[in-house]
Amino acid sequence: MILSEGRGHYTNSSGARYHPRPRILKVANLLWLKAFHVIAMVTWFAGLFYLPRLFVYHADAGDWISVERFRVMERRLFILMSVGAAATVLLGSAMIVAAPGYLKMGWLHAKLALVLLLIGYHMLCFKFLRDFAHDRRTHTAKWFRAFNEVPSLLLVGIVILAVAKPF
Ligand code: HEM
């Protein structure tokens, strides 16, 4: 129970002073989470855009030195984009925990459906990375060129839903 109000603090029934947590601080926290969510998303997409491009070149590579170099680049890029993916999901989920009202919004549900597709795409990239690591060439360079277009389409959908919130 609040007994008395001082300058910038309250005193409770045990006489201890405490500072109420103003709502504005909560909003600021959400904005920090959102800023880092967007930064992590950009890191994730750097990999989602470039890894399949490496697969295009790798599928056409003939000499052993290039093949070996592509393998190393693919592995390192996949680690970086997985960190970006995990941070995007964690920070997005943290915003929902901080403000559960988000769960009532239709755009978020549609966005999460597209994010699931994106995670599926990420896992497919891992499968192709493993195939190349074991010298299995399952698809042509042309096929990987088309595969490379998928993240752009998902990015357009997800960003429109997150920013314009059409429903
Ligand atoms: C599980 C994954 C994700 C969750 C739970 C999630 C959740 C959220 C939440 C709750 C917001 C705050 C919305 C607002 O206050 O306006 C947000 C913002 C945003 N998200 Fe995500 N998100 C996820 C993945 C993604 C992905 C993969 C992308 C990009 C492709 C993305 C792009 C954005 C953008 C650009 C914003 C800023 C919107 C604005 O400020 O207008 N999110 N996200």
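A crossing of two helices is left-handed if the near helix is turned anticlockwise from the far one by less than a right angle, and right-handed if clockwise. The crossing of helix 3 and helix 5 is left-handed, and helix 2 likewise passes helix 3 in a left-handed crossing.

The structure is a predicted model, in which local features need pLDDT of at least 70 and side-chain atom pairs count only at pLDDT 80 or more, while totals for chains, interfaces and linings use all residues. Residues are numbered from 1 along each chain as its sequence is written.

**Overall architecture**

The protein has five helices and three strands; helices (H or I, at least four residues) and strands (E, at least two) are DSSP runs, numbered from the N terminus. Along the sequence the pattern is β-β-β-α-α-α-α-α. Of the 167 residues, 16% count as buried. A residue is buried if 20 or more other C-beta atoms, placed from the backbone, lie within 10 Å of its own, exposed if 12 or fewer, and partly exposed in between. Among contacts between residues at least 6 apart in sequence, 74% join residues at least 24 apart, a contact being a pair whose C-beta atoms, placed from the backbone, lie within 7 Å.

**Helix packing**

The table gives the axis geometry of two helix pairs. Axes are lines fitted to C-alpha atoms, for helices over the stretch in contact, and angles run from 0 to 180 degrees between N-to-C directions.

| Helix pair | Axis separation | Angle |
|---|---|---|
| Helix 2 and helix 3 | within 11 Å | roughly 160° |
| Helix 3 and helix 5 | 9 Å | about 160° |

Helix 3 is therefore roughly antiparallel to helix 5, and helix 2 and helix 3 are also roughly antiparallel to each other. Angles under 35 degrees count as roughly parallel, over 145 as roughly antiparallel, 65 to 115 as roughly perpendicular and the rest as oblique.

In the contact of helix 2 with helix 3, Arg71, Glu74, Arg75, Phe78 and Ala85 meet His122, Cys125, Phe126, Leu129, Phe132 and Ala133. These residues divide into seven nonpolar, one polar and three charged. Here Ala, Val, Leu, Ile, Met, Phe, Trp, Tyr, Cys and Pro count as nonpolar, Asp, Glu, Lys and Arg as charged, and the others, Gly among them, as polar.

**Two buried residues**

Phe132, in helix 3, is buried because 21 other C-beta atoms lie within 10 Å. Not counting residues up to four places away in sequence, Phe132 touches His58, Arg71 and Glu74. Its C-alpha atom is separated by 8.4 Å from that of Ala59, 73 residues apart along the chain.

Leu161 belongs to helix 5 (residues 150–164) and is buried, with 22 other C-beta atoms within 10 Å. With residues up to four places away again not counted, Leu161 touches Trp107, Ala110 and Lys111. Leu161 and His109 are 52 residues apart in sequence and 9.6 Å apart in space, C-alpha to C-alpha.

**The ligand shell**

The ligand is surrounded by 19 residues, the closest being Gly92, Met95, Ile158, Ala162 and Val163. Helix 1 (23–60), helix 2 (64–98), helix 3 (106–133) and helix 5 each give two or more residues to this shell. Helix 2 gives the most, with six residues. The shell divides into 14 nonpolar residues, four polar and one charged.

Technical notes:
Near = placed C-beta within 6 Å.
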